[in-house]
Amino acid sequence: MSNIVKFDGKHQSRRYGRQTNQLPFWRYFMPIDLVTLLHDRLGGILSHYLTTVGENADNSIKAASLAVPAVAAGLLHHLAANPDRAGILFDYVGGRAGQAFARAQEEAKGGQTGRLANLGRPLLPEIFDGNAASAVSEIARQSGIGKTSAADLLPLTMVLVLSVLRGWQPDLPELVKWLSHPQNRLDDHLNGEMLSALGIGSLSATAAAAASLSLDFGSVPPAAAEQPQTEKPCRELRITAILAVLLTVFALGSCQSSASLDAATGGNDMPADSVQE
């Protein structure tokens with residue numbers, strides 16, 4: 001059985017009876033192919049957007065299949081090259097800075113792609129460390145879409161990727177693990193020309209540098225650590241609820257036992273000689 005966990009919203013809807021953005025509880029114990037998960041969720045949205053602006057359908061599918069791993073690789077490279085800025089990056093996923101991305105997928109499906117692209121455009125110089133223009137040109141060259149379309153596609157993809165990650169509610173160490181995990185197989189999705197355009201000389205070295213980061217919330221800048229209370233992982237809330245129920249049951253059981261004992265003894269303590277043979 002493969003150790004790569006693959007599912008999307010539709011799969012979850014069939015299995016769990018409802019669609020949710022959250023990964024199931026076993027995501028904490030198994031490696032995942034993050035790039036495939038992201039593409040399964042976003043590829044259709046991105047390719048549809050490109051066809052609405054006049055791009056060829058086949059070229060649009062190819063461009064979407066490049067843009068998603070390009071953003072994942074850009075995030076990975078940013079982490080490896082700027083470990084001191086990991087908390088700032090995480091703020092887009094788990095903090096206040098990313099609240100504007102929370103409903104990006106629904107907004108994109110509703111036709112607000114232009115607004116989302118404009119929202120993501122200021123992030124490109126920061127996340128891609130000055131390589132956004134070359135990445136745009138390479139996506140256009142390899143897919144066959146126009147440069148103008150590619151220039152809108154990359155920031156749109158950035159916002160949508162951050163939105164999906166935000167919905168899955170990773171903590172910072174999890175986010176680093178997801179981006180740097182070998183199961184992502186970024187070199188299967190991006191050739192040498194694309195990696196070079198992203199400023200990545202050695203993908204394995206970049207992933208190793210990111211994976212080696214020893215991160216915890218104690219070392220994260222305050223902006224990243226201050227997450228809204230409504231975004232606590234559901235696993236913590238479920239554990240708290242279960243403990244509360246168990247404590248209530250225990251308390252009720254103790255009360256019933258005490259009441260039964262009082263009834264049997266007339267409410268008085270048993271005399272010492274009543275228990276002697």
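## Surroundings of M158

M158 touches V71, L75, L123, L124, I127 and F128, leaving out residues up to four places away in sequence; a contact here means heavy atoms within 4.5 Å. The model is predicted: local features need pLDDT of at least 70, side-chain atom pairs count only at pLDDT 80 or more, and totals for chains, interfaces and linings use all residues. Residues are numbered from 1 along each chain as its sequence is written, and side-chain values use heavy atoms, with hydrogens and water left out.

M158 also belongs to the largest nonpolar core, which has 67 residues. Such a core is a set of buried Ala, Val, Leu, Ile, Met, Phe, Trp, Tyr and Cys residues joined through side-chain atoms within 4.5 Å. The residues with the most contacts inside it are L75, F128, I139, M158, L165 and L198. In soluble globular proteins, nonpolar side chains tend to be buried together.

## Overall architecture

The protein contains 15 helices and zero strands; helices (H or I, at least four residues) and strands (E, at least two) are DSSP runs, numbered from the N terminus. Of its 277 residues, 44% count as buried. Buried means under 20% relative accessible area, exposed over 50%, and partly exposed in between (1.4 Å probe, protein chains only).

Among contacts with a separation of 6 or more, 79% are between residues 24 or more positions apart.

## Helix α6

Helix α6 spans residues 113-120, and its buried residues are T113, L116, A117 and G120. Viewed down the axis of α6, these buried residues fall within an arc of 100°, so they line one face of the helix; the arc is that of the directions from the helix axis to the C-beta atoms. An α-helix has 3.6 residues a turn, so residues three or four places apart point the same way.

The cover over the buried residues of α6 includes α2 (34-52), α5 (104-109), α7 (123-127) and α9 (147-168).

## Two residues in the covering helices

S47 lies in helix α2 and is buried, with a relative accessible area of 13%. Its side chain reaches the backbone oxygen of G44 at 3.3 Å. Apart from neighbours within four places in sequence, S47 is in contact with S60, I61 and A64.

A151 is located in helix α9 and is partly exposed, with a relative accessible area of 30%. Beyond neighbours within four places in sequence, A151 is in contact with R121 and V136. The C-alpha atoms of A151 and V136 are separated by 5.7 Å, although the two residues are 15 residues apart along the chain.

Methods: A polar contact is a pair of N or O atoms within 3.5 Å; within protein, one must be able to donate a hydrogen and the other to accept it, and residues adjacent in sequence count only if both atoms are side-chain atoms.
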